[in-house]
Amino acid sequence: MKTMCITRFITQRLLAVGIGGLLLYPSNLHQAACAQVFKYELVADETSPEDAQLEDESELRARHVRLNSPPPDASLPGARWTFSPFSNRTFDLLVSRLERVGPARIITCEVQGNPGSWFMISQVGDYITAQMHGPGEVGYFLRHTALGDYRIVEQSPHKAKFECAAQTPSAPRQPSFQRLRQIGKSGGGGSHIVKLMVYFSWNVTYYYGSDGAAASAIYLAVSQANSALANSAITPSGSYSFDLVQALRWSYNDSGNYFTDLENFVNQQAGLQGTLSYADSVGADLLQLWVKQPVTGGAAYVSTPGNLQRFSVITVGSAFAPRFGTAHELGHNCGLHHNYEDSPKWQTGANGFYSLDMSPNNPDFSDLMSGRSSGPILQLFSNPNVTYLGVPVGSTDPAKPANAAAALGASFPFMSAIR
C-alpha cells in the first residue's frame with residue numbers, strides 16, 4: 001500500500017512599487033569593460049517600475065531585466081563579482097566552484113560577508129537560472145520568461161510554509177530501511193548514485209520561455225538537492241547524490257491539481273504514457289514531473305523497503321530555495337517523512353525517518369522535510385550531529401527520532417539499485 005505525502009503552498013498576490021537595476025560584473029575590472037563580460041541590463045531604464053504582479057507569497061518585489069551569458073570557464077575560478085539585484089542592494093561574490101553536469105554549467109559563488117549564503121547559476125545553452133540564498137536571509141531568484149527576457153524577484157525566507165496530508169496505509173507496517181541496515185540487510189557507505197529522470201509539461205516550457213530555459217532551472221534545483229545531501233553529513237560516510245540523467249519536455253497538459261498529476265504519472269495515463277518505459281531505457285531510478293499551476297506545491301509516494309516508490313510531482317514555484325521542494329519530494333521517494341507532529345501515528349518509532357521542526361522555539365527553524373517553521377528552512381535533512389545556531393538539527397528522542405541523514409544512508413543503497 002502506498003503512503004502519499006502532499007506538500008501545498010498557497011499562492012498570494014502582492015503589490016510592490018519601486019525602482020532599481022541589476023548588475024553582475026567582475027569587481028576587479030572597470031565597469032565599462034565589465035559590460036562586455038557579464039552584465040545584467042535593464043529592459044527599459046533605471047526609472048522603470050518594479051513588476052507589481054508577484055506570483056507567490058514568498059516574493060517581495062520583482063522586475064524584468066536582460067542578461068548576457070557568463071564568461072568562459074577559464075576566467076571563472078576565483079573570479080570576484082558584484083551582484084546588485086535592486087538599486088539598494090549590493091553583494092560581493094567569489095566564484096568557488098564550477099561543475100559540468102550533463103549539458104549544464106553550474107557556477108557556485110560565496111556571498112562575501114554573509115556566512116552560509118551562496119549564489120548559484122545554472123546555464124544550459126543560452127539560458128540561465130540563478131539564485132542567491134542564505135538561511136534566514138532575503139534571497140533572489142532569476143529565471144527566463146516567455147517574453148524572452150529575465151525576471152528577478154526578491155524572496156522572503158519566512159514565507160515558505162508546507163501544508164501536508166498523508167494517507168495511512170492499511171497494509172502491515174514494514175521494517176524501516178535503517179532497521180534493515182541494523183540487522184545486516186542493507187548496505188551503507190561507499191558511493192551511491194540515484195539516477196533521476198525529470199519531465200516537464202507544456203506549461204513549464206511556456207513559463208520559462210523555452211525547453212532550454214526549463215532545463216537550466218531543473219539542473220539548478222537538482223544541484224540544490226545534492227548540496228542538501230552534502231550538508232546533511234549522511235551516515236555511514238560516503239558519496240550520496242542524485243544524478244540528473246535527462247530533463248525532457250513531455251507532451252502533457254497540467255491537470256490543474258498536482259495530486260491528479262501524480263496519479264496520472266504513476267498510472268501512466270492522460271498523456272504521460274511512455275514516461276516510465278523511457279526512464280527505464282535510460283537507467284533512471286526515480287522519475288519527477290514538473291508542472292505549473294496556480295497553487296504551488298508537490299506530491300510524492302513514500303518508499304518502504306518492500307515497496308519502493310519512484311514517482312514525484314513538483315510545481316515550478318516550490319522547486320528551489322527557500323522551500324527546496326525538489327529535494328523534499330525526492331526525500332519522500334527515499335523513505336523520509338515529515339516532522340513527527342504532522343505525521344500519521346503509524347509512523348511512530350520510524351527509526352529516524354522524521355524531519356525536525358523547532359517551531360515555535362528560539363531559534364525557530366526546520367529542516368527541508370518539514371517546512372512548518374516560521375523561521376528559515378535549512379538546506380539539509382535532519383541530523384542530531386549537525387547544529388544550527390548551536391542547536392542540533394535532529395533528535396535522538398526514541399519516541400520521535402529525527403535523523404533523516406542516517407535514514408538516507410540506509411535507503412540510498414536500495415534506491416540507487418532500482419535500475
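**View 1. The salt bridge between Arg249 and Asp211.** Asp211 is partly exposed, with a relative accessible area of 31%, where buried means under 20% relative accessible area, exposed over 50% and partly exposed in between, for a 1.4 Å probe and protein chains only. The side chain of Asp211 meets that of Arg249 in a salt bridge with an N to O distance of 3.3 Å, the term standing for a side-chain nitrogen of Lys or Arg within 4 Å of a carboxyl oxygen of Asp or Glu. Because Arg249 lies in strand 14 (residues 238-249) and Asp211 in helix 4 (residues 211-231), the pair ties together parts that are 38 residues apart in sequence; helices (H or I, at least four residues) and strands (E, at least two) are DSSP runs, numbered from the N terminus. Arg249 is partly exposed as well, at 25%. This is a predicted model, in which local features need pLDDT of at least 70 and side-chain atom pairs count only at pLDDT 80 or more, while totals for chains, interfaces and linings use all residues. Residues are numbered from 1 along each chain as its sequence is written, and side-chain values use heavy atoms, with hydrogens and water left out.

**View 2. The salt bridge between Arg100 and Asp73.** The side chains of Arg100 and Asp73 meet at 3.0 Å, N to O. Arg100 belongs to strand 6 (residues 89-101) and Asp73 to the loop between strand 4 and strand 5 (80-86), so the pair joins parts that are 27 residues apart in sequence. Arg100 counts as exposed at 56% relative accessibility, whereas Asp73 counts as partly exposed at 26%.

**View 3. The salt bridge between Glu59 and Arg151.** The closest N and O atoms of Glu59 and Arg151 are 3.4 Å apart. The pair links distant parts of the chain, with Glu59 in strand 4 (residues 59-67) and Arg151 in strand 11 (residues 150-155), 92 residues apart.

View 4. About 40 Å³ of space lies in the largest cavity, a cavity being a set of points on a 1 Å grid over the protein atoms alone where a 1.4 Å probe fits but cannot get out, with lining residues having an atom within 4 Å of a point; grid points are joined across faces, edges and corners, and a volume is the space filled by probe spheres set on the points. Of the 10 residues that line the largest cavity, Phe83, Phe119, Ala130, Leu142 and Ile152 are the closest to its centre. Strand 9 (127-133) and strand 10 (139-144) each supply at least two residues of this lining.

Note on methods
1 Å grid on protein atoms, 1.4 Å probe; cavity = no way out; pocket = protein on both sides within 12 Å on 5 of 7 lines; lining within 4 Å.
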